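Subject: Structure handover and notes

Dear colleague,

I am passing on the structure we spoke about, together with my notes on it. Please look it over before you set anything up.

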Amino acid sequence: MFHTPIVPFARKRSRPVEAAVPRHDVVKFKDVRLYLVERKMGCSRRNFLTQLARSKGFIVDDNLSDEVTHVVSEDSRASSLWKWLKECAPKNLPGVNVLDISWFTDSMREGRPVAVETKHLIQIPLPTEGSPLTPVATVSRYACQRRTTLENHNKKFTDAFEVLAESYEFNNMERPCLAFRRATSVLKSLPCAVRCLGATQDLPCLGQHTKKVIEEVLQCGRSFEVEELLSDERYQTFKLFTSVFGVGPKTAEKWFCRGLRSFSDILTDHSIHLNRMQQSGFLHHGDISRAVSAAEARSLRSVIDGAVHCVTPAATVALTGGFHRGKEFGHDVDFIVTTPELGEEESLLPNVIDELKKQGILLYCNYQASTFDMRKLPNHHFEAMDNFAKCFLILRLESSQVEGGLHCAEGDIRGWRAVRVDLVSPPVDRYAFALLGWTGSRQFERDLRRFAQVERGMILDNHALYDKKKKEFLAASTEKDIFAHLGLEYMEPWQRNA
Ligand code: CTP
Ligand code: MN
Ligand code: MN
């Protein structure tokens, strides 16, 4: 019944079969030589990962020779790994990177050896005498792992980057825009100024274009590309138009293409229909394009506190947004209001709005009722806005209520100014997520979500945190709970100015 095998000798011993087949993977990264530690990983997984890496152009050595540059282990118990490494270490082991599997998976995903960061390192447990093994601290590529205060030592670079990012945004070029925003955020997190291009060598998120700008600023004190943009008609017009509340890049584009260049061009063109938000935006442009001071924010806090407690005594008000991060100035003031009773938050904002109206200080109100529905979560759409009830307001703030007076133009004798205020009112069990989301900064939030997704297999937004592996939502009543679920060190709001 059984056929005699054509190959007369049993092949049992030559397993794994793949190993016997000569492979012709092209080496792409000659300077990187990997060694995968079999302990804990197991033989078959090691074979699989070895082939995967080779197919992507990596050199993977079967033996731990002194040519190896990157040792990758799935055994992250540092002490036993290091003990084992020392026993079979070649003489130059001190020069090698000892990394956990996350470096490997990151590199496979990117299709190139990614820069080694602190989070990848399996640190030697205790520094032994004379050992140069202690790794140099590196900067994470996630803003949520970089403590970023308001002290920016690299303003001359980040100001230039921000102009470029904005200009890409105006031209609808998302990727380069994001690249400059990320680079800005990395430089903002540094404890000192960049003084030479070499200092940027090991920093993440800095590409050729950003480095060229840094080089120019270092050499000439300015970037020619940025100078050109600043005097560019398109850039200037977009900047002007988008400074109006209710006008985004799309509307600015429309107006620009119609040949409009100034506010009077727009206001005298009768074919243009301004929506209610834009009308208020033009009406109060002088005031709301002027920054709000921290003293004004404090005064608004008592205004909002008063109105909220008047309608719902048990409700709580929390300052969020830029002022919660310790900023001295902001473009608006953001508050989260909620009630301890679940469901009671639904009538909260409409009542507060009525109260502000009654007080005669409501100059503009755009109220959006809640569309929040736990059954529609998790939301896979990455940058979606949240569904909580919220309102975007313009309020009248009296000078007499502000300690030290208003932040107004010289000679302004009105005794009041208009200010932008945002209120959001999540159900109390969603409070921690809303607070984390609204505290910002935008870049910090982006990277938190990206970190959750890429590093933890979780989906985070302003409503919830969902674990894709466990297929369950993770509860949190404080921001600390959320950081803990994500396996991140907690960061205070003032350290989130990424
Ligand atoms: N935010 C949000 N959903 C909105 C509006 C804002 O999640 N519908 C978040 C933003 O992502 C940001 C935070 O709320 O992290 C505050 O937004 P904003 O007031 O625009 O920025 P600030 O950081 O407060 O900066 P500024 O001082 O200029 O106001
Ligand atoms: Mn704000
Ligand atoms: Mn806001």
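What follows is a description of the metal sites, the helix packing and some backbone details.

This is a predicted model, in which local features need pLDDT of at least 70 and side-chain atom pairs count only at pLDDT 80 or more, while totals for chains, interfaces and linings use all residues. Residues are numbered from 1 along each chain as its sequence is written, chains are lettered from A and ligands numbered from 1 in the order in which they are written, and side-chain values use heavy atoms, with hydrogens and water left out.

Metal sites

The manganese ion (ligand 2) is coordinated by Asp332 (OD) and Asp334 (OD), at 2.0 to 2.1 Å. Donors here are N, O and S atoms within 2.8 Å of the metal (3.2 Å for Na, K and Ca), and since water is not among the atoms, sites may look incomplete. The manganese ion (ligand 3) has Asp332 (OD), Asp334 (OD) and Asp422 (OD) as its donors, at 2.1 to 2.2 Å, and along the chain these donors follow the spacing D-x1-D-x87-D. Distant parts of the chain are linked in this way, with Asp332 in the loop between β7 (329-330) and β8 (333-338) and Asp422 in strand β11 (residues 416-425), 90 residues apart. Helices (H or I, at least four residues) and strands (E, at least two) are DSSP runs, numbered from the N terminus. The manganese ion (ligand 2) and the manganese ion (ligand 3) lie 3.5 Å apart, bridged by Asp332.

Helix packing

Helix α5 (residues 155-170) packs with helix α7 (residues 208-220) at an angle of about 135 degrees, with their axes 10 Å apart, which makes α5 oblique to α7. Axes are lines fitted to C-alpha atoms, for helices over the stretch in contact, and angles run from 0 to 180 degrees between N-to-C directions; those under 35 degrees count as roughly parallel, over 145 as roughly antiparallel, 65 to 115 as roughly perpendicular and the rest as oblique. The crossing of α5 with α7 is right-handed, where a crossing is left-handed if the near helix is turned anticlockwise from the far one by less than a right angle, and right-handed if clockwise. In contact (heavy atoms within 4.5 Å) are residues of α5 including Phe157, Phe161 and Leu164, and residues of α7 including Val213, Ile214 and Val217. The residues of this contact of α5 with α7 divide into nine nonpolar, two polar and one charged, with Ala, Val, Leu, Ile, Met, Phe, Trp, Tyr, Cys and Pro counted as nonpolar, Asp, Glu, Lys and Arg as charged, and the others, Gly among them, as polar.

With helix α6 (residues 174-188), α5 packs at about 160 degrees, the axes being 8 Å apart, and α5 is therefore roughly antiparallel to α6. The crossing of α5 and α6 is left-handed, and the residues of the contact of α5 with α6 divide into 10 nonpolar, two polar and five charged.

Backbone details

Eight of the nine residues of helix α17 (residues 431-439) are buried, so α17 is largely enclosed by the rest of the structure. After α17 comes Gly440, whose phi is positive, near 70 degrees, and a cis peptide bond with omega of about -5 degrees joins Gly440 and Ser441. Another peptide bond that is cis joins Leu377 and Pro378, again with omega of about -5 degrees, and Pro378 is found in the loop between β9 (362-368) and β10 (389-398).

Most residues other than glycine have a negative phi, and most peptide bonds are trans. Lys40, although not a glycine, has a positive phi of about 75 degrees, and at 60% relative accessibility Lys40 counts as exposed. Asn172, in the loop between α5 and α6, has a positive phi of about 65 degrees and counts as exposed at 62% relative accessibility.

Best regards

How values were computed. Buried < 20%, exposed > 50% of the residue type's maximum accessible area, 1.4 Å probe, protein only.
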